[in-house]
Amino acid sequence: MAPRTPVLLLVLLFCALPVRSFYQHTLVLEMAKLLLENYCIPENLVGMQEAIQRAIKSREILQISDRKTLATVLTVGVQGALNDPRLSVSYEPSFSPLPLQALSSLPVEQQLRLLRNSIKLDILDSDVGYLRIDRIIDEETLLKFGPLLRENVWDKAAQTSSLILDLRFSTAGGWSGIPSIVSYFTEPHSLVHIDTVYDRPSNTTTELWTMSSVRGKTFGGKKDMIVLIGRRTAGAAEAVAYTLKHLNRAIVVGERSAGGSLKVRKFRIAESDFYITMPVARSVSPITGKSWEVSGISPTVNVAAREALAKAQTFLAVRSRIPKVLQIVSDIIGRFYAFADRVQALLQQLESADLFSVVSEEDLAARLNHDLQTASEDPRLIISELLPRNVGYLRFDTMADIEAAKGAAPRLVKSVWNKLVDTDSLIIDMRYNAGGSSTAVPLWCSYFVDGEPLQHLYTVYDRTTKTRVEVMTLPEVSGQRYDPGKDVYILTSHMTGSAAEAFVRAMRDLNRVTIVGEPTAGGSLSSATYQIGESVLYASIPNQVVTSAATGKLWSISGVEPDVFAQARDALPVAQRIISARLLKREKGR
């Protein structure tokens, strides 16, 4: 059986033009030869030349009369066959190729002008450095102008508290400068293999390593750093951003990069006016075993390139507060956490927490919650994000009886309620409230409805006493009532039960609440205990049934179903997102 012709060759040949016999035979053969000798992924081209010869002899070639159309068709064919958009064929009868000239070979004045235009440093608010690099400078030029760069850029950037490296407009440069830039932002104690570059024309492989020492001051590897990228970020700049990202040295913000190449060359195809442009060098990261070429770099935080700088400043502001947050959380746990035998493990967990990618308070709260709850095996240990806008948060974990509640009311109103009553929305967290006395349920409900007329909440029938009691809201409460027009959210879990569940049910019957979380525990308000004869056995028998005043139906014993289902640990952020969305919708409607 004859060998099969590769897809690439069929595309090239069946789209090629026999304008003259030159185009029919020589053009395609010479293009194939250039690819075989220079394309950076030679394994994709195995058997190419022999297959072309077989395909030409088959005479199955399309007729295309326009040379520019031919170039376009060949471009589409070669890109599709090799899945590489960096390849292109052009028809340029007036093109005059310029000799390749390294930056270091330019006149000194021209090099200085290019350096000043390519590397710029500003100091932003809060001592944040902003370093924009539009061209990665090759190592030879960096050495030549080292003192100038150290004085005007590197030494000044090293003194900033955090730094934004802007590579959104970096489209060119020499890959020999990559180790110097990466080394400036890492610790010099150990050498790190950061890239392997294969050059196809010379058939050589070069390993890039960080440097053991960098002249002058360095920014180092511990301070916060963000790299900005965009769709124009290409070549050596992509290698820098990719390396810093996967060394966990920098958070990358912006859009997916171009997916270019460290080295691209343009070749004339024989003596024709056709040219083929192709990548001739390939980068493979030893850190990941993969390459950023073709696919580009996926940012840590995906935002429009034009918004990336502002977002980066916001992220750095959040990160600057992390050490203080950890210190305060450690102090609170050390002083107040009930399980003293777990405190040391929790403090160690906070000290070793991996917060590298945290860019918001929500991120920080989620990460700390996961780490602390895992270490303590205690789901009640919660770090909550600062609530959006003017939103109140009230958590109580037990239901006191009515007399205790009334006695504590003046103090609670002054220290807690007065801070909440003027908020735009209120979150009541009952995820860890297993119940208590139901006698205070009408008091708590009364804070969320008007004083008049009184509202019938529910009716309790006690079979033990053969009594029926209608439970109503109260005409007077200590302090102000919460505006009935404002939104209230209750967070629930499978632990929410007994009197706490009664409060949730009553608030739902009043159409006064949105419930977020898990179904509640279910059960009844009261059970009586009876000894079984003279034995040591006792029976716990529910002795009350409750009828809803709103529906006229008995309360179910299966628990309260939430309006918005969420796992208990996620209920607070879910409620926050609902509130933010509703407030934004109202603002747009004004």
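Figure 1. Three strands make up an open sheet in the order β1-β12-β11, and their pairing is antiparallel. Here helices (H or I, at least four residues) and strands (E, at least two) are DSSP runs, numbered from the N terminus, and two strands pair if DSSP finds at least two bridges between them. At the edges are β1 (88-91) and β11 (264-268), each pairing on one side only. From one strand to the next, the twist averages 25°; axes are lines fitted to C-alpha atoms, for helices over the stretch in contact, and angles run from 0 to 180 degrees between N-to-C directions. Five bridges hold the antiparallel pairing of β11 with strand β12 (residues 274-279). Arginine 265 has methionine 278 in β12 as its bridge partner. Helix α4 (residues 67-82) packs on the sheet and touches β1 and β12, with a direction that makes about 175° with that of β1. Contact means heavy atoms within 4.5 Å.

The figures show a predicted model, in which local features need pLDDT of at least 70 and side-chain atom pairs count only at pLDDT 80 or more, while totals for chains, interfaces and linings use all residues. Residues are numbered from 1 along each chain as its sequence is written, and side-chain values use heavy atoms, with hydrogens and water left out.

**Figure 2. The whole protein, for orientation.** Before we zoom in again, here is the overall count: 17 helices and 24 strands. Of the 590 residues in the protein, 46% are buried, meaning under 20% relative accessible area, with exposed over 50% and partly exposed in between (1.4 Å probe, protein chains only). Among contacts with a separation of 6 or more, 75% are between residues 24 or more positions apart.

**Figure 3. Strand β3 and its two partners.** Strand β3 (residues 128-133) is mostly covered, with five of its six residues buried. Strand β2 (residues 119-124) runs antiparallel to β3 and is joined to it by six bridges; look for isoleucine 123, whose bridge partner in β3 is glycine 129. β2 and β3 form a hairpin with three residues between them, and serine 126 in the turn has a positive phi of about 60°. With strand β5 (residues 162-166), β3 pairs in the parallel sense over five bridges. Leucine 131 finds its bridge partner in leucine 165 of β5. Strands of a sheet pair through backbone hydrogen bonds, either parallel or antiparallel.

**Figure 4. A second open sheet, of β18, β17 and β23.** The order in this open sheet of three strands is β18-β17-β23, with antiparallel pairing. β18 (467-472) and β23 (544-548) stand at the edges with a single partner strand each, so one side of each has no neighbour in the sheet. The twist from one strand to the next averages 20°. Strand β17 (residues 456-462) and β23 are antiparallel and share five bridges, and threonine 459 stands opposite threonine 547 in β23.

**Figure 5. The hairpin of β21 and β22.** Strand β21 (residues 527-531) and strand β22 (residues 538-542) run antiparallel and are joined by five bridges. The bridge partner of threonine 529 is serine 540 in β22. Six residues lie between the strands of this hairpin, where glycine 533 takes a positive phi near 60°.

**Figure 6. The enclosed helix α9.** Ten of the eleven residues of helix α9 (residues 236-246) are buried, so the helix is largely enclosed by the rest of the structure. Among the buried residues are Glu238, Tyr242, Thr243 and Lys245.

Figure 7. Helix α12 (residues 343-351) and helix α13 (residues 361-376) have axes that come within 9 Å and cross at roughly 150°. That makes α12 roughly antiparallel to α13; angles under 35 degrees count as roughly parallel, over 145 as roughly antiparallel, 65 to 115 as roughly perpendicular and the rest as oblique. Leu346, Gln349 and Leu350 of α12 make the contact with Leu368, Asp371, Leu372, Ala375 and Ser376 of α13. Isoleucine 383 is in the loop between α13 and β15 (391-395). Leaving aside neighbours within four places in sequence, isoleucine 383 is in contact with Val329, Ala365, Leu368, Asn369 and Leu372. Isoleucine 383 and glutamate 362 are 21 residues apart in sequence, and their C-alpha atoms are 9.6 Å apart in space.
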